[in-house]
Amino acid sequence: MARGWFRLILVIAAFASPASAASAAGAAGVIDPRFFIAGGTCAAISHGITTPIDVVKTRMQSNPDKYKSLLPATATIIKEEGAQALTKGLGPTLVGYGVEGALKFGIYEVSKPMVILAFKRLNNKLNRSGGAGMLPFLLASIMAGAVASLVLVPMESTRIRMVTDASFEGVGLLRGLGKLVDEAGLVQTLTVGLGAMLAKQVPYTFGKQVSFDVVAKFLYGILNNPSQATASLAETISKSVSPEFIKWTVSVLSAMVASVMACLMSQPGDVILTETYKGGEGDATKKRGLAEVSSTIYARNSDEGVALALSGFFTGLQARFLHVGMIITSQLVIYDLVKQLLGLPATGSH
């Protein structure tokens with residue numbers, strides 16, 4: 001599946017020169033599995049441990065009249081359904097995001113140098129100076145987010161129905177998927193809401209992966225190539241702190257920035273996704289497209305002005321800041337640790 005998404009890069013490279021096309025094709029044949037292993041491990045762990053927060057966030061988005069804010073919503077769920085209700089959807093979360101993380105991190109890391117190489121060759125052929133800026137990172141994150149969305153569609157649909165639909169009470173992952181197939185058919189189950197998933201996952205991937213890359217490189221640049229203003233600080237840090245602690249600190253700080261960026265950029269898509277998949281409104285809900293779902297969310301508060309209408313796309317932001325902050329910070333730190341255990345360099349250090 002991953003190789004098919006590299007065709008875009010090969011086309012760009014082909015315009016540059018035959019040599020660059022050959023180089024890109026050679027890179028496509030070398031897919032380091034360690035990126036995929038590290039990505040799957042960190043995604044499954046980080047999403048699994050934050051499932052209770054995700055349950056509360058999903059309830060707040062699907063029924064904002066009843067679940068108005070984070071702590072009261074949590075208390076209501078525990079009072080009415082018991083504490084075990086906060087683990088609903090754990091199975092689809094672990095499986096879906098484990099596979100999704102493997103593909104997202106792996107494809108991003110493998111395609112990124114290929115895109116950069118293609119743009120360098122293209123610039124040389126056109127006799128242009130300078131780099132491509134953020135464009136290679138953007139293209140790599142779009143490809144990674146798009147592939148991950150294909151995997152997540154049935155898993156996220158099952159998870160949201162398990163959290164919001166009483167008819168899915170006590171249903172496990174396999175039975176939940178079976179119920180969706182019975183209701184809508186195999187093709188519908190695998191593709192419904194793909195536009196909503198892309199609306200969430202593409203900006204989420206860009207905000208997370210690219211921010212983490214850029215901030216980590218910036219921090220390592222200060223430490224490894226300090227300016228006159230920061231030379232004394234960099235020297236003090238290098239003498240008083242171990243290299244391992246520096247790597248850990250850079251990972252945590254970069255991950256925290258990435259969590260904020262990813263949350264803000266993908267919040268509208270997350271609300272659209274919940275509205276697309278939530279149960280209780282009949283088959284028509286499952287068949288609505290991205291534009292129709294977006295119009296529904298906007299119309300809820302449209303009588304009170306544009307600002308309040310648009311605020312509907314940021315419902316549950318408080319819970320999601322906590323949820324996404326915990327997920328991404330823990331995920332990216334775990335990712336860097338697993339990468340280093342597998343013999344790969346820390347993000348931004350090379």
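In this predicted model, the side chains of Thr 347 and Asp 336 are joined by a polar contact of 2.7 Å. A polar contact also links the side chain of Thr 347 to the side chain of Lys 339, at 3.0 Å. Thr 347 itself belongs to the segment that follows helix α16, which spans residues 317-341. With a relative accessibility of 3%, Thr 347 counts as buried, because the cut-off for burial is under 20%.

Setting aside residues up to four places away in sequence, Thr 347 touches Phe 212, Asp 213, Ala 216, Tyr 220, Tyr 335, Asp 336 and Lys 339. One of these, Tyr 335, stands 12 residues from Thr 347 along the chain, and the C-alpha atoms of the two are separated by 9.2 Å.

**The chain as a whole**

The chain contains 16 helices and zero strands. Of its 350 residues, 49% count as buried. Among contacts in the chain with a separation of 6 or more, 77% are accounted for by residues 24 or more positions apart.

The average pLDDT of the chain is 80, and 85% of the residues score at least 70. Where is confidence lowest and where is it highest? The lowest value belongs to helix α1 (residues 7-16), with a mean of 40, and the highest to helix α3 (residues 33-49), with 92. The pLDDT is below 50 over residues 1-29, a stretch that has 45 contacts in the model beyond near neighbours in sequence.

**Helix pairs**

Two packed helices are described by the angle between their axes and the distance between the axes.

| Helix pair | Angle between axes | Distance between axes |
|---|---|---|
| α4 (residues 51-62) and α16 | about 150° | 9 Å |
| α6 (residues 90-125) and α10 (residues 194-224) | about 55° | 12 Å |
| α12 (residues 243-277) and α14 (residues 290-299) | roughly 100° | within 10 Å |

Helices α4 and α16 pack at an angle of about 150°, and they are therefore roughly antiparallel to each other. Their crossing is left-handed. The contact is formed by Ile 53, Asp 54, Lys 57 and Met 60 on the α4 side, and by Ala 319, Arg 320, Leu 322, His 323 and Met 326 on the α16 side.

For α6 and α10, the packing angle is about 55°, which means that α6 is oblique to α10. The crossing of this pair is right-handed. From α6, the residues Tyr 97, Glu 100, Lys 104, Phe 105, Tyr 108 and Lys 112 take part; they meet Lys 200, Gln 201, Tyr 204, Thr 205, Lys 208, Gln 209, Val 210 and Asp 213 of α10. Asp 213 is also among the residues that Thr 347 touches.

The axes of α12 and α14 cross at roughly 100°, so α12 is roughly perpendicular to α14. Here Val 271, Ile 272, Glu 275 and Thr 276 of α12 meet Leu 290, Val 293, Ser 294, Thr 296 and Ile 297 of α14.

**Individual residues within helices**

Ser 330 lies in helix α16. Its relative accessible area is 18%, so Ser 330 is buried. The side chain of Ser 330 reaches the backbone oxygen of Met 326 at 2.6 Å. Met 326 also belongs to the α16 residues in contact with α4. Beyond residues up to four places away in sequence, Ser 330 touches Ser 46 and Ile 49.

Thr 189 is placed in helix α9 (residues 186-191). Is Thr 189 buried or exposed? Thr 189 is buried, with a relative accessible area of 4%. The side chain of Thr 189 reaches the backbone oxygen of Leu 180 at 3.2 Å, while a polar atom of that side chain lies 3.5 Å from the backbone nitrogen of Val 181. Neighbours within four places in sequence aside, Thr 189 is in contact with Val 153, Pro 154, Leu 180, Val 181 and Ala 184.

Ile 237 is found in helix α11 (residues 231-240). This residue is partly exposed, because its relative accessible area is 27%, a value between the cut-offs of 20% and 50%. Apart from neighbours within four places in sequence, Ile 237 is in contact with Leu 223 and Ile 246. Leu 223 and Ile 237 are 14 residues apart along the chain, and their C-alpha atoms are separated by 8.2 Å.

Methods: Residues numbered from 1 in each chain as written. Heavy atoms only, no water. pLDDT = per-residue confidence, 0-100. Helix = DSSP H or I, 4+ residues; strand = E, 2+ residues; numbered from the N terminus. Contact = heavy atoms within 4.5 Å. Buried < 20%, exposed > 50% of the residue type's maximum accessible area, 1.4 Å probe, protein only. Polar contact = N/O pair within 3.5 Å; in protein donor to acceptor, adjacent residues only side chain to side chain. Axes fitted to C-alpha atoms, helices over the stretch in contact; angles between N-to-C directions. Parallel < 35°, antiparallel > 145°, perpendicular 65-115°, else oblique. Left-handed = near helix turned anticlockwise from the far one by under 90°.
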